[in-house]
Amino acid sequence: MTEPSDQAPFAGRVVVITGGARGQGRSHAAELARLGADVAVCDLCHDVASVGYPLATEDDLAETARLVADQGRRCVSSVVDVRDLDAMVAFVDEVRTELGSVDILVANAGVSALGSICTMDASEWSETIDINLTGVFNAMRAAAPHMRRQRWGRMIGISSMMGRSANPGIPAYVASKWGVIGLCKSVALELAGFGVTVNAIAPGNISTPMIHNDALYALMRPDLDHPTREDVAPAMAGLHAQPVPWIEPEEITAAVVFLASEGARHITGSVIDVDAGASARFTA
Ligand SMILES: NC(=O)c1ccc[n+]([C@@H]2O[C@H](COP(=O)([O-])OP(=O)(O)OC[C@H]3O[C@@H](n4cnc5c(N)ncnc54)[C@H](O)[C@@H]3O)[C@@H](O)[C@H]2O)c1
């Protein structure tokens, strides 16, 4: 096993990232590989009916795997739906066989489906809850027994500033992201005696396809027929405190790297807000 060093602090560690084909998940994969980790990424790689923008593709997943390989690290990549617990367990088993362990989990897969409480049907509600909340449970359920047995692990659930506040028109998303924080805190307490930390990150607006799409632009600027990126920027900045409409994925990666590090070993059950100050408006 490669020993950790200043240049490769995660050498010898294996990270599993759900929803890793693009966006924030890809950024986490590339950076953790640069820092020495072997990486396993999974993604759905097809679209979901209630989601008004395209999800990642198998080509996207292959590109993430290429970025990891470019760093000279091993990569396992697979099409897996986080809604399927058996598939998540099988993926984690495959990762342990191929890469030797599962040390760090970034439960990142998610969708943002819009809809009114007056018109949303049951399947629209369920798709978001099943992916964003049950999907995090499934990933943790698959990884937790191994982390507990090896008495070392890092689990990071990706919530949202909408997991600590709310916006109209996205009730299932908001509910799912509040749920992720509760799930992380409960699992943190259960595994506190086993060397496993469990934390959530609550990003603000992050510059990925999840926000740069016509459906979200229309939610942000209902007064315009076909709002553009420039049209929505002021409204997006209004969700933050600092005057920036969106933040780059690499800034979420920096928080992931910190929570996965040795230095964060006594941080568990916490939420790190990376949201340009939005959380300053929340309760303590
Ligand atoms: N972009 C933002 O503004 C923002 C803000 C706060 C939180 N988040 C959260 O960050 C996480 C990453 O989102 P992103 O911004 O990179 O968006 P993204 O759409 O680029 O990435 C999400 C990934 O999850 C995958 N995915 C969706 N359903 C899946 C399923 N059932 N199984 C496996 N993979 C699935 C998608 O294919 C996609 O690759 C999500 O949990 C999202 O809710 C995003």
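Me: Which backbone oxygen lies 3.3 Å from a polar atom of the R74 side chain?
Reply: This is a predicted model, where local features need pLDDT of at least 70, side-chain atom pairs count only at pLDDT 80 or more, and totals for chains, interfaces and linings use all residues. Residues are numbered from 1 along each chain as its sequence is written, and side-chain values use heavy atoms, with hydrogens and water left out. R74 sits in the loop between α2 (58-70) and β3 (75-79). The backbone oxygen in question belongs to E98.

Me: With which side chain does the side chain of R74 make a polar contact at 2.9 Å?
Reply: Setting aside neighbours within four places in sequence, R74 is in contact (heavy atoms within 4.5 Å) with residues including V39, V68 and L99. The 2.9 Å polar contact of its side chain is with the side chain of D38.

Me: Is R74 buried, partly exposed or exposed?
Reply: Buried means under 20% relative accessible area and exposed over 50%, with partly exposed in between (1.4 Å probe, protein chains only). R74 comes out at 43% relative accessibility, so R74 counts as partly exposed.

Me: Which side chain of opposite charge is nearest to D43?
Reply: D43 is found in strand β2 (residues 38-43). D43 is buried and has no salt bridge, which would take a side-chain nitrogen of Lys or Arg within 4 Å of a carboxyl oxygen of Asp or Glu. The nearest side chain of opposite charge is 6.6 Å away, and it is R22.

Note on methods
Helix = DSSP H or I, 4+ residues; strand = E, 2+ residues; numbered from the N terminus. Lys, Arg positive; Asp, Glu negative; His and termini not counted. Polar contact = N/O pair within 3.5 Å; in protein donor to acceptor, adjacent residues only side chain to side chain.
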